[in-house]
Amino acid sequence: MRIRRVVLDVDKAFAQPSPSDIAAAIDRVRGVEGFNISVEEVDQETVGTLINVEGDNIDLEGLLQAIEHAGAAVHGIEELVVGERMVDYRRRASK
C-alpha cells in the first residue's frame, strides 16, 4: 500500500516532548518528505495537535512508533491518502 498522506490526532504533555522532539522523530521515518505539526488545543496538562505528513510510501507503522517513542500519544488517524496520486477530501454539497 503506497501511503502518500497521513493526518494524525496526537496529544503530548504540556512540558515534554517538545514539538522539535516530535519533529526530529518524524523526520527519520522512511518515506516522509514533509510534515507540519499544528497546535489545536491547549489545557493545563496536555497539548492537542494535528500532524500532517506527506511523502511517497510512508512507513505508517514506523511513523506511529516514532511519535509514541518521542513521548506523545497518537489518538487516531484523521486522514489517510493512498495510491498513485494525491486525492484531496471534498465535502459533499449541502442540499
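User: How are the words buried, partly exposed and exposed to be read?

Analyst: Buried stands for under 20% relative accessible area, exposed for over 50%, and partly exposed for what lies in between, with a 1.4 Å probe and protein chains only. In this predicted model, L80 is partly exposed, its relative accessible area being 37%. Of the 95 residues of the protein, 32% count as buried.

User: What are the sources and limits of these values?

Analyst: Local features need pLDDT of at least 70 and side-chain atom pairs pLDDT 80 or more, whereas totals for chains, interfaces and linings use all residues. Numbering runs from 1 along each chain as its sequence is written, and side-chain values use heavy atoms, without hydrogens and water.

User: In which strand does L80 lie?

Analyst: Helices (H or I, at least four residues) and strands (E, at least two) are DSSP runs, numbered from the N terminus. L80 lies in strand β4, residues 73-82. The protein has two helices and four strands, in the order β-α-β-β-α-β along the sequence.

User: Which contacts join residues at least 24 apart, and what share do they form?

Analyst: A contact means heavy atoms within 4.5 Å. Taking contacts between residues at least 6 apart in sequence, 72% join residues at least 24 apart.

User: What are the dimensions of the box that the C-alpha atoms fill?

Analyst: Along the principal axes, the C-alpha atoms of the protein fill a box of roughly 40 × 40 × 15 Å.
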